[in-house]
Amino acid sequence: MNRFFITLVCCLTLAACGGVPLRSVPRLMQLSGELLDANPSEFMLALQVDARLVPPVGAVPMLVLKLQPREAGAFEPVDKKLPLQVTELSGAGLGLAKPAASRRWLLYSMPRATQLELQRIQTTIRQAKAKTDGKSGGSLSVGIEQNSLAVTEPGLANTRWDTWLQTRKVDGFFEVWSGTPAQLQQMAGQAK
């Protein structure tokens, strides 16, 4: 079967995806399709971390999107890191389980500028898919870069870090990665 887009789902910094729960793999394989139809205002990232962990001021996760045409000039390539923003919503109100007393949720959504940019990228992908001149096709990579949040004091570097994603409210959150801040930093270093 000839597929229009070859989907490469890469978590975190577009490097190795160690720590991805096996139950999440089918959902991750559908992520690029879900992202194409997603309402950007419903996209959210939830991180369950040690309650003592405080991300650096101004550090936010990034939605990383790379869209490359199979043939140069077929459509505009995309290579974007779209910033998310801290949200003050409660994890319980979003269907996330209450964390243990020693843990907490960090919640992120898309600011208006990121929502508009994602809508533009969604339009680019739809237009590319609609082409029938033989030049359509390409690859789409989707990732979440969160290593800037994992800069922490050494005593917390090996605490548990769980990453959950929601593309649509109706589908809720699913876990995409589990590891430690030290592993996030190591993967970020390998990706450079």
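At 32% relative accessibility, aspartate 171 counts as partly exposed, a class that sits between buried (under 20% relative accessible area) and exposed (over 50%), computed with a 1.4 Å probe on protein chains only. The model is predicted, so local features need pLDDT of at least 70 and side-chain atom pairs count only at pLDDT 80 or more, while totals for chains, interfaces and linings use all residues. Residues are numbered from 1 along each chain as its sequence is written, and side-chain values use heavy atoms, with hydrogens and water left out.

Back to aspartate 171: its salt-bridge partner is arginine 168, with the closest N and O atoms 2.9 Å apart. A salt bridge here is a side-chain nitrogen of Lys or Arg within 4 Å of a carboxyl oxygen of Asp or Glu. Arginine 168 is also partly exposed, at 34% relative accessibility. By this rule the count comes to eight salt bridges.

Some of these bridges join up: Glu76, Lys80, Glu117 and Arg120 are linked in a network. Within it, glutamate 76 and arginine 120 meet through their side chains at 3.7 Å, N to O. Glutamate 76 lies in the loop between strand 3 (62–69) and strand 4 (78–83) and arginine 120 in helix 3 (residues 112–130), so this pair ties together parts that are 44 residues apart in sequence. Helices (H or I, at least four residues) and strands (E, at least two) are DSSP runs, numbered from the N terminus. Glutamate 117 and lysine 80 form another salt bridge, their closest N and O atoms being 3.4 Å apart. With glutamate 117 in helix 3 and lysine 80 in strand 4, the pair ties together parts that are 37 residues apart in sequence. As for accessibility, glutamate 76 is partly exposed at 47%, arginine 120 is partly exposed at 30%, and lysine 80 is partly exposed at 31%. Glutamate 117, by contrast, counts as buried at 18%.

Five strands form an open sheet in the order 5-6-2-8-9, and the pairing is antiparallel; two strands pair if DSSP finds at least two bridges between them. Strand 5 (85–86) and strand 9 (174–179) stand at the edges with a single partner strand each, so one side of each is left without a neighbour in the sheet. Strand 5 pairs with strand 6 over two bridges, in the antiparallel sense, and valine 86 stands opposite tyrosine 108 in strand 6. Strand 2 (residues 44–50) is mostly covered, with seven of its seven residues buried. Seven bridges join strand 2 to strand 6, and five join strand 2 to strand 8; both pairings run antiparallel. Glutamine 48 takes part on both sides: its bridge partner in strand 6 is tryptophan 105, and in strand 8 it stands opposite aspartate 162.

The structure holds one aromatic pair. The rings of tryptophan 105 and tryptophan 164 have their centres 6.3 Å apart and their planes at 80 degrees, so the pair is edge-to-face. The rule covers rings of Phe, Tyr and Trp (its six-membered ring) with centres within 6.5 Å; planes under 30 degrees apart count as stacked, over 60 as edge-to-face and the rest as tilted. Tryptophan 105 sits in strand 6 (residues 103–109) and tryptophan 164 in strand 8, 59 residues apart, so to speak a link between distant parts of the chain. Not counting residues up to four places away in sequence, glutamine 166 touches Glu42, Phe43, Met44, Gly172 and Phe173, where contact means heavy atoms within 4.5 Å. One of these, Phe43, is among the residues with the most contacts inside the largest nonpolar core, which has 36 residues. Such a core is a set of buried Ala, Val, Leu, Ile, Met, Phe, Trp, Tyr and Cys residues joined through side-chain atoms within 4.5 Å. Helix 3 provides the largest share of this core, four residues. Apart from it lies another core, of six residues, including Met44, Trp105 and Phe173.
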